[in-house]
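This report describes selected features of one protein model, moving from a helix pair to a sheet and a single strand residue. The sequence and structure come next.

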Amino acid sequence: MNRPRSSLAHGAPPARPGTLHARSLAGTVTGSPEAGRIIRFGRGGGPDADLRVGEDDPRVSRRHGELTYRRGQWWLRNTGQQLLRLPRGQMMHVSTDPIPLAAGYTPVFVKGSGFREHLVELHVTDHGPSGSGSRRGIETLPPKRWPLTDDQRLILVVLGQEYLRYEPHPRPLTYRQAAAQLSFLCPGESWGESKIAHRVEKVRTALEASGDFPYDLREQDPRGASDNTLKHNLLRGLVESTTLVPPDLDLLDRGSDEF
């Protein structure tokens, strides 16, 4: 399976400017930009939540958050007992004032049991350019994405989970840390540091040879002292291009079932 996972990071369907698209593993909800419109998300269904998230996690509140359209913007509020985490490490408590969503893509992580976090993807349709030079009618050009095999994707998601969680200063996991996590996810397969390093090197070499990867992937030190920098550049480019997207983090929960 070489295609990237479905994600609002790849863009949202055409819609009226200001339309909100919300997505979780359970489905997708769309909200029109009308004053007073509310979309709720959480563990419950029916009157509690329009979008279900963390259905099997009792730490997620039945109504954990809500999005309200007012004053020409969508506003996010935490209504649950656990924190919401936004890009760059911003945390929202139930006492935090609502924040406005910018146009485009925003991943929201709902804190769950233990180290679990549940992803809610949000995408607000932009108004687009205006004026005589407007190109609103043409097809959106997607970013350049690179094909990955299933095992390459799993390894890179494990190594780059901090990048996919949009943490403020992400760093790659070490190969030792990755081997330990992969052995837990896929206990029927042998995962050693050298095996992981070899597969990452294969991806790095292929992308460096393509000539159009946005960051430097050239080996700078024959002793491997620059390896961590190369991993950082590799993961940064794959996430920014949406070759790897936040829904890929689901592999950390279900890796052994899919590989």
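## Helix crossing

Helices α3 and α4 are roughly perpendicular to each other, a label given to angles of 65 to 115 degrees, where under 35 counts as roughly parallel, over 145 as roughly antiparallel and the rest as oblique. Their axes come within 9 Å and cross at roughly 105°; axes are lines fitted to C-alpha atoms, for helices over the stretch in contact, with angles running from 0 to 180 degrees between N-to-C directions. Y175, R176, A178, A179 and L182 of α3 make the contact with E193, I196, A197 and V200 of α4, contact meaning heavy atoms within 4.5 Å. These residues comprise seven nonpolar, no polar and two charged, with Ala, Val, Leu, Ile, Met, Phe, Trp, Tyr, Cys and Pro taken as nonpolar, Asp, Glu, Lys and Arg as charged, and the others, Gly among them, as polar.

## Basis of the model

The model is predicted, and local features need pLDDT of at least 70, side-chain atom pairs count only at pLDDT 80 or more, and totals for chains, interfaces and linings use all residues. Residues are numbered from 1 along each chain as its sequence is written, and side-chain values use heavy atoms, leaving out hydrogens and water.

The protein chain has six helices and 11 strands, which are DSSP runs numbered from the N terminus (helices H or I, at least four residues; strands E, at least two). Of its 259 residues, 45% are buried, meaning under 20% relative accessible area, with exposed over 50% and partly exposed in between (1.4 Å probe, protein chains only).

## Helix α5

Helix α5 (residues 227–240) has 14 residues and reaches 20 Å from its first C-alpha to its last, close to the 20 Å expected at 1.5 Å a residue, the expected span being 1.5 Å times one less than the number of residues. Its buried residues, including L230, L234 and L238, pack against α1 (150–159), α2 (161–164), α3 (175–185) and α4 (193–210). T242, which follows α5, has a positive phi near 60°.

## The open sheet

Six strands form an open antiparallel sheet in the order β2-β1-β11-β10-β7-β8, where two strands pair if DSSP finds at least two bridges between them. β2 (27–31) and β8 (91–92) stand at the edges with a single partner strand each, so one side of each is left without a neighbour in the sheet. Two bridges join β7 (residues 84–85) to β8, with R85 opposite M91.

## L67 in strand β5

L67 lies in β5 (residues 65–70) and counts as buried at 0% relative accessibility. Leaving aside neighbours within four places in sequence, its contacts include L20, F41, W74, W75 and L122.
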